[in-house]
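Here's a quick walk through a few local features of one protein chain. Have a look at the sequence and the fold before reading on.

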Amino acid sequence: MVDPNIQALFRPKSIAVIGASEKPGKIGYAVMKNLVEYGYEGKIYPVNIKGVEIEINGRKFKSYKSILDVPDEVDMAVIVVPAKFVPQVVEECGKKGVKVLPIISSGFGELGPEGKKVEEQLVETAHKYGMRILGPNIFGVVYTPDKLNATFGPTDVMPGNLALISQSGALGIALMGWTILEKVGLSAVVSIGNKSDIDDSDLLEFFEVDENTKAILIYMEGVKDGRRFMETAKKVSMKKPIITIKAGRSERGAKAAASHTGSLAGSDKIYEAAFKQSGVLRALTIGEAFDWARTLSNLPEPPGENLVIITNGGGIGVMATDAAEEEGLHLYDNLEDLKVFAKHMPPFGSYKNPVDLTGMAGAESYEGAIRDALANPNMHSIAVLYCQTAVLDPRDLAEIVIREYNESGRKKPLVVAIVGGIEAKDAIDMLNEEGIPAYPEPDRAIKSLAALYKWSNWKKKQKRE
């Protein structure tokens, strides 16, 4: 069962911002502004020692000198005061009956043993009152289904099915911005910082049962309790895929991680083995992680191993075929079945897989080929590739794919790669906004599909064992 205090982290009925500021440019102002602008519908209580009035977008908020002065119950208190005042604020939050404390303030465990000791005392105080702490040294938390953005990061996070957990604050904020640009929809963003109390395992337990989350992506520098993480990750992976970017692979990188969030990175070989056993997919770059996240958070599991590649260019078809071979994907090769594509191409086209509709392929060719592939029960996954030509505007192709895929009921995975100019980028954005994974390169589309197969096959193997 999920800890109700962790539930309050994502679905609080009321929030206090302790260290709220009336001055734009201050973190205490940015958190208030994000809560208001993202549309949070619960109660917001600014706490400011001077008791100043705070105005955000024409909305005026009375501030309280202490959390103890707030007249109502407070579920969550976001703490943005300097480190030296945090112990007193945590004590007051406990007396107030707050459930969860995201501590944005830094200057604790990441500074060394003295800071670590203070951090441990904060957790001790919180637990004495039955509270949980997120952080310290974080940028906040987002939960899009409840229009909650209690961060000092970007405001306009696109809602979706992917939960993002980041141990790095600056990188987490940058990734939030990147997801907006790349049309990656998020259910949640959690900055986890020093992990003094709430850690990856606690969050995985929440996301396991969260109906708004379909996949989880973690940027990790180290874990506190390796055994618990493995057990939790293995359990969650049976229901939802977990992708990890584990930093600190090298010896120097591990030392840098230790000074950054006070993390003990540990031997990389141990992490590698633990991820494999737990069904966690390890990505080596940010780009790779988000490429995989698109397929894993949006597509159904493949009903079988047969992949069909539909293309209008031999070159991108060959590149996709190479990627499929490298990733161990099976290109469907039953010519009797594949012959159905002959009617969608000129006589010099090829219906052998990859199916080459030729550079003459227009809207009707793609529409017919995609429809036939989606309808055939022996074709289990589909990659639609397109090199931009004057024959077909990529945006028209995007509309065809969206319509055909939705009308088919989205029962099998489908990925798209469109290579071209500005119109191609527009088409890719259109598809990604509709939850259909689309990429500017064919091998990225295939490798992302392979990640979905890898997770699905791991699950099947666990069930057999």
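This is a predicted model: local features need pLDDT of at least 70, side-chain atom pairs count only at pLDDT 80 or more; totals for chains, interfaces and linings use all residues.

Residues are numbered from 1 along each chain as its sequence is written, and side-chain values use heavy atoms, with hydrogens and water left out.

Helices (H or I, at least four residues) and strands (E, at least two) are DSSP runs, numbered from the N terminus. Strand 1 (residues 14-18) and strand 2 run parallel, joined by five bridges; two strands pair if DSSP finds at least two bridges between them. Across that pairing, I15 sits opposite I44 of strand 2. Strand 2 (residues 43-47) is mostly covered, with four of its five residues buried. Buried means under 20% relative accessible area, exposed over 50%, and partly exposed in between (1.4 Å probe, protein chains only).

Next up is D225, in the loop between strand 12 (215-220) and helix 7 (226-237). D225 counts as partly exposed because its relative accessibility is 37%. A polar atom of the D225 side chain lies 3.1 Å from the backbone nitrogen of R228, a polar contact (a pair of N or O atoms within 3.5 Å; within protein, one must be able to donate a hydrogen and the other to accept it, and residues adjacent in sequence count only if both atoms are side-chain atoms).

Most residues other than glycine have a negative phi, and most peptide bonds are trans. Here are the exceptions to look at:

| Site | Feature | Angle |
|---|---|---|
| G135 to P136 | cis peptide bond | omega near -5 degrees |
| N353 to P354 | cis peptide bond | omega near 10 degrees |
| N137 | positive phi | about 70 degrees |
| K195 | positive phi | near 55 degrees |

P136 is in the loop between strand 7 (132-134) and strand 8 (140-143), and N137 is in the loop between strand 7 and strand 8 too. Is N137 buried or exposed? N137 is buried, because its relative accessible area is 18%. K195, in the loop between strand 11 (186-191) and helix 6 (200-209), counts as buried at 2% relative accessibility.
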